[in-house]
Amino acid sequence: MDVLASVHLKQAYNEEVDGPIIEVDGEDSGLLIGRRGETLRALQFIVSFICAKRMGERVNLFVDVAGYQERRYNSLRNLARRVAQRVADGGRPITLEPMPPNERRIVHLTLANDPNVSTASVGHGDQRQVVVEPQE
């Protein structure tokens, strides 16, 4: 890609990821992140694929560029909590924007222990969304 960046192991093992966290940083961080994180997701897939080939088994790891994923996941957690409160107060389901699987997972995990709401994924492919519903 002809990108100038440095890579370092941020954390050798993270319980939530069940593997290492790798941080990439540099002048071309925006290029590595891509539109709405698409390039970053592809980069993580490639790194996971290479590691799995070398180790002979599936490898869980987390690649972040300039803290983008961490900021995005924190933003999603906050969004999930705000939406859950609105659903609990209003009693009506709310459907979130389409998200990739890793982002939907963050919303599901954030609200998993909320006694007032439940979550479900609906739709197909790139249009899959999370619906937050009042708990019955």
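**Entry 1: the overall layout.** Before reading the fold I note my terms: helices are DSSP runs of H or I with at least four residues, strands are runs of E with at least two, and both are numbered from the N terminus. I also remind myself that this is a predicted model. I found four helices and six strands in the protein chain. Following the sequence, I read the pattern as β-β-α-α-β-α-β-α-β-β. The C-alpha trace spans about 50 × 30 × 25 Å along its principal axes. Of the 136 residues in the chain, 32% are buried. I also looked up the contacts with a separation of 6 or more, and 52% of them join residues 24 or more positions apart.

**Entry 2: the largest pocket.** How much space lies in the largest pocket? I get about 740 Å³. Its lining comes to 27 residues, and nearest the centre I find Val-17, Gln-44, Leu-61, Phe-62 and Tyr-73. Two or more lining residues come from each of strand 1 (6–14), strand 2 (19–25), helix 2, strand 3 (62–65), helix 3 and helix 4.

**Entry 3: a closer look at Gln-44.** I picked this residue from those nearest the centre of the largest pocket. Gln-44 sits in helix 2. Is Gln-44 buried or exposed? Its relative accessibility is 18%, and the cut-off for buried is under 20%, so Gln-44 counts as buried. Setting aside neighbours within four places in sequence, I see Gln-44 in contact with Leu-61, Phe-62, Val-63 and Gln-69. Two of these contacts, Leu-61 and Phe-62, are also among the residues nearest the pocket centre.

**Entry 4: the second largest pocket.** This pocket has a volume of about 370 Å³. I count 16 lining residues in the record of it, with Arg-41, Pro-98, Met-99, Pro-100 and Asp-126 nearest the centre. Helix 2, helix 3 and helix 4 each supply at least two lining residues, and helix 4 has the largest share, at three residues. The lining divides into five nonpolar, two polar and nine charged residues.

**Entry 5: the nonpolar cores.** Which residues have the most contacts inside the largest nonpolar core? In this core of 17 residues, they are Val-83, Val-87, Leu-96, Val-107, Leu-111, Val-117 and Val-132. Helix 3, helix 4 and strand 6 each give two or more residues to the core, and helix 3 gives the most, with six. Apart from this core I found another, of nine residues, including Leu-40, Val-59, Leu-61 and Val-63. Finally I checked Val-132: leaving out residues up to four places away in sequence, it touches Val-83, Ala-84, Val-87, Pro-93, Ile-94, Leu-111, Val-117, Ser-118 and Thr-119.

Key: Residues are numbered from 1 along each chain as its sequence is written. This is a predicted model: local features need pLDDT of at least 70, side-chain atom pairs count only at pLDDT 80 or more; totals for chains, interfaces and linings use all residues. Side-chain values use heavy atoms; hydrogens and water are left out. On a 1 Å grid over the protein atoms alone, a cavity is a set of points where a 1.4 Å probe fits but cannot get out, and a pocket is an open set with protein on both sides within 12 Å along at least five of seven lines; lining residues have an atom within 4 Å of a point. Grid points are joined across faces, edges and corners, and a volume is the space filled by probe spheres set on the points. Ala, Val, Leu, Ile, Met, Phe, Trp, Tyr, Cys and Pro count as nonpolar, Asp, Glu, Lys and Arg as charged, and the others, Gly among them, as polar. A nonpolar core is a set of buried Ala, Val, Leu, Ile, Met, Phe, Trp, Tyr and Cys residues joined through side-chain atoms within 4.5 Å. Buried means under 20% relative accessible area, exposed over 50%, partly exposed in between (1.4 Å probe, protein chains only). Contact means heavy atoms within 4.5 Å.
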